[in-house]
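Please look at the structure below.

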Protein chains: 2
Amino acid sequence: MQTAVATARSIPPDASRRSAQVIPAAHRFVAPDVGSLTGITLHLDRGAEIVAEEDPAEYIYQVVEGTVRSCKLLSDGRRQIGSFAMAGDYFGLEARATHGYAAEAITDVTLRLINRGAAFTAAGRDPEIARTLWEVTAKGLDASQRHALLLGRKTALEKIGSFLHEMAGRQGHDDEIELPMSRQDIADYLGLTIETVSRTMTQLESAGTICLETSRHVLLRRPAELARLSRC
Amino acid sequence: MQTAVATARSIPPDASRRSAQVIPAAHRFVAPDVGSLTGITLHLDRGAEIVAEEDPAEYIYQVVEGTVRSCKLLSDGRRQIGSFAMAGDYFGLEARATHGYAAEAITDVTLRLINRGAAFTAAGRDPEIARTLWEVTAKGLDASQRHALLLGRKTALEKIGSFLHEMAGRQGHDDEIELPMSRQDIADYLGLTIETVSRTMTQLESAGTICLETSRHVLLRRPAELARLSRC
DNA sequence: CGGCTCCTTGACATCGCTCAAGTGTAGTGG
DNA sequence: CCACTACACTTGAGCGATGTCAAGGAGCCG
């Protein structure tokens, strides 16, 4: 296995949306590994663009450490973040030969790159690898559909509640979250504006549901309340 | 291959949201077939619930004729339709052993059922089947992420424009659409209310972009304008 | 013709957005 | 260590797109 350090492409000038903090602790849930496929390990700085929309899909990526956002843009700059990939998560695994969304490092990240062609060849030989590729994709689809329900039908309060609940689950803590992403990223993930995110967080704090130790460090005073807000 | 006619489960009492019209003409784009896997063919009446949320995932379904909606519900009845499955499309192919969404027949439908276990077994033997299963899932993921961008960041006008543009593409016509679904279904697909859907359609008609022959039969006067509204 | 639905339209309310300050907070250089 | 800068975040005021509530029209079927 090779190792490399790179800065990749530089940040697009418009991206006044970088994040600014600590890498979250190791996560409890780690996706299954794509069998014996080795890959290149890559370290990237926060803000690096990993793939751009419509880039040829050369690699499948697995996050080793750090957080990556996958997003789509409208021509006027409106942005929708489809998912945050954290330790163990895969991204860049798609049907078409080009990426359908951009991927950017929110924190400094360590990635494992798997050649797309090699992965497909291996999947053709080994049913277990094929099954894992499919499962990774199917879980992404499930998550995306749950996210669509949130975007289309939940209120701002429910969106923030669901988000905090989701992050707590992913970080494996019941009562404490470290947010690696900015308010702007949260807004673009939830289909809100940055102001509404901020106001709604404040509202949850006033209600005693959470405590904002710092803007990126959140204590969950009443996790059950967040679970209720995120419930279907 | 067996054939059967059934009425399946009856419509939940709350579902005052049935659709009421003609099956669209055959579609131009037909998804690849899952190899040699035969299955049961099933005819269902409009309104039939094909699978409920959290039902055990026994089958993978392919639509032969008609239209199916996949949707998720919040406990208070708010609904989000994730996708409409039309001739050739698959649904019910998921990572978990239970369905993540309900599927309901919008029109009378003909379905091909493929036993989930049998499909996975076949995929374990035949890499081409495995690849097809993955591709179907990956395309669903891609569609779901484009849909998330629409739900999170587009205006009502852009949502309706994108929807009409999408339907025109799927039906293979440039200037005419037959909508198999109700205004309520469209609203639940786009994250709007039925009134906003109706008003926005009227607005597009006043602007000369479309012509509502009947509420379900739409002529596209300026397809380029719809393409512009749906553009990224 | 009567009774359903489905759809459209109007009047009004409201949630979340826009615009605009103002307040941290981290990083940098003297 | 402090001053300065640059972001990131919060808060307020006002507005507007979309939702809510209510009524009426249109098509379909018995």
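Two strands count as paired if DSSP finds at least two bridges between them. Strands (E, at least two residues) and helices (H or I, at least four residues) are DSSP runs, numbered from the N terminus. This is a predicted model, in which local features need pLDDT of at least 70, side-chain atom pairs count only at pLDDT 80 or more, and totals for chains, interfaces and linings use all residues. Residues are numbered from 1 along each chain as its sequence is written, while chains are lettered from A and ligands numbered from 1 in the order in which they are written.

**The sheet in chain A**
- Four strands of chain A form an open sheet in the order β3-β8-β5-β6, with antiparallel pairing.
- At its edges lie β3 (49-51) and β6 (79-85) of chain A, each pairing on one side only.
- Strand β5 (residues 68-73) of chain A is joined to β6(A) by six bridges.
- A:R69 has A:F84 in β6(A) as its bridge partner.

**The contact between the chains**
- Two residues are in contact if their C-beta atoms, placed from the backbone, lie within 7 Å.
- On this basis, 36 residues of chain B are in contact with 36 residues of chain A.
- On the side of chain B that touches chain A, α2(B) gives the most, with 19 residues.

**How the copies are related**
- The same surface serves both copies, as 100% of the contact residues of chain B recur in chain A.
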